[in-house]
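Please study the model displayed here before reading the report. The text then moves from the sheets to the cores and on to single residues.

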Amino acid sequence: MEPIIDYQGVEILRNEHVALKEVDLRVMPGEFIYLLGKVGSGKTSLLKTMYAEVPVAKGQARIFDYDLSGIRSRDIPYLRRRIGIVFQDFQLLSDRTAYANLEFVLEATGWKDRQERDDRIETVLRRVGMLTKAHKMPHQLSGGEQQRIVIARALLNEPGLILADEPTGNLDPDTGMQVMGQLYEISQNTGTAVIVATHNHSFLHRFPGRTLACGRKRLQAL
């Protein structure tokens, strides 16, 4: 089985300063990985290299079939279709319903058939237990419900990788545990690799996975 992520000797710069160096990382399909570290330790920068938001400054970096060190701008949208992203602050469009948020993504990624879009949206909403809330506006949903919609959005294009950057940061502990449970279940049952950047160590015992830490400009296994 081939790794979906293969980083060798990678260096990442932010604002011309080294954020991380000598990063070696291989991620296999279906893995559940925690990425720990303090604010400013390079966690988010590392995740952003994976969807080509931050360039790789040095080393070899492959994700799926893409060479990140030389990826062409026209290939970046195709790479991102294969990655689901879950943000701390949800980033839902506030002027449209949960359903319309998901339809917007499908339309933007080339789903032209209305019935196929409807079927896919129903599938992912059912998966996260939010089918009955499809026509609610974001402000009508709790933080946990909004994050479930975000997870549904991340699942739309059946990604091989989900990146979750502090996905429970704006949630109460019980709701955060439920959201983590959903991400864990996705990795266990679909073959999708999930990388969660967090500073909440309480998840590690409940949902065991490989644990990595950013610190002193290095990525290390714990």
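The following sections describe a predicted model, element by element.

Strand β7 (residues 161-165) pairs with strand β8 (residues 193-197) in the parallel sense, over five bridges. Within this pair, Leu 161 stands opposite Ala 193 in β8.

## A hairpin at one edge

Strand β9 (residues 210-215) and β10 run antiparallel and are joined by four bridges. One of the bridged pairs consists of Ala 213 and its partner in β10, Gln 220. The two strands form a hairpin with two residues between them, and Arg 216 in this turn has a positive phi of about 55 degrees.

## The four-stranded sheet

A further open sheet has four strands, ordered β2-β1-β4-β5, with antiparallel pairing. Here β2 (17-27) and β5 (66-67) stand at the edges with a single partner strand each, so one side of each lacks a neighbour in the sheet. Helix α1 (residues 43-50) packs on this sheet and touches β1 (5-14), β2 and β4; the direction of α1 makes about 120 degrees with that of β1.

Strand β4 (residues 58-63) is joined to β5 by two bridges in the antiparallel sense. In one of these, Arg 62 has Asp 67 of β5 as its bridge partner.

## The nonpolar cores

The largest nonpolar core has 37 residues, and those touching the most other members are Phe 32, Leu 102, Leu 125, Ile 149, Ile 151, Met 180 and Leu 183. Two or more residues are given to this core by each of β3, α3 (98-108), α4, α5, β7, α6 and β8. Helix α5 provides the largest share, six residues.

Leu 183 illustrates how parts of the chain meet. Leaving aside neighbours within four places in sequence, Leu 183 is in contact with Phe 32, Ile 151, Ile 162, Ala 164, Pro 167, Val 194 and Val 196. Another core, of 36 residues, lies apart from the largest one; among its members are Leu 46, Leu 47, Ile 85 and Leu 212.

## A covered helix

Is helix α5 mostly covered or mostly uncovered? Twelve of its 13 residues are buried, so to a reader of the cut-off they each have under 20% relative accessible area. The buried residues include Gly 144, Glu 145, Arg 148 and Ile 149. Among the elements covering the buried residues of α5 are β6, α3, α4, β7 and α6.

The length of α5 can also be checked. At 1.5 Å a residue, its 13 residues should span 18 Å; the end C-alpha atoms are 19 Å apart, which agrees.

## Two residues compared with the cut-offs

Ser 187 lies in helix α6. Its relative accessibility is 2%, and therefore Ser 187 counts as buried. A polar atom of its side chain lies 2.8 Å from the backbone oxygen of Tyr 184. Leaving aside neighbours within four places in sequence, Ser 187 is in contact with Gly 30, Glu 31, Phe 32, Thr 192 and Val 194.

Arg 127 belongs to helix α4 (residues 114-127). With a relative accessible area of 34%, Arg 127 is partly exposed, because this class lies between the limits of 20% and 50%. The side chains of Arg 127 and Glu 185 are joined by a polar contact of 3.3 Å. Beyond neighbours within four places in sequence, the contacts of Arg 127 are Leu 155, Gln 182, Glu 185, Ile 186, Asn 189 and Thr 190. Although Arg 127 and Ala 152 are 25 residues apart along the chain, their C-alpha atoms are separated by 7.5 Å.

How values were computed
Residues are numbered from 1 along each chain as its sequence is written. This is a predicted model: local features need pLDDT of at least 70, side-chain atom pairs count only at pLDDT 80 or more; totals for chains, interfaces and linings use all residues. Side-chain values use heavy atoms; hydrogens and water are left out. Buried means under 20% relative accessible area, exposed over 50%, partly exposed in between (1.4 Å probe, protein chains only). Contact means heavy atoms within 4.5 Å. A polar contact is a pair of N or O atoms within 3.5 Å; within protein, one must be able to donate a hydrogen and the other to accept it, and residues adjacent in sequence count only if both atoms are side-chain atoms. Two strands pair if DSSP finds at least two bridges between them. A nonpolar core is a set of buried Ala, Val, Leu, Ile, Met, Phe, Trp, Tyr and Cys residues joined through side-chain atoms within 4.5 Å. The expected span of a helix is 1.5 Å times one less than its number of residues. Axes are lines fitted to C-alpha atoms, for helices over the stretch in contact, and angles run from 0 to 180 degrees between N-to-C directions.
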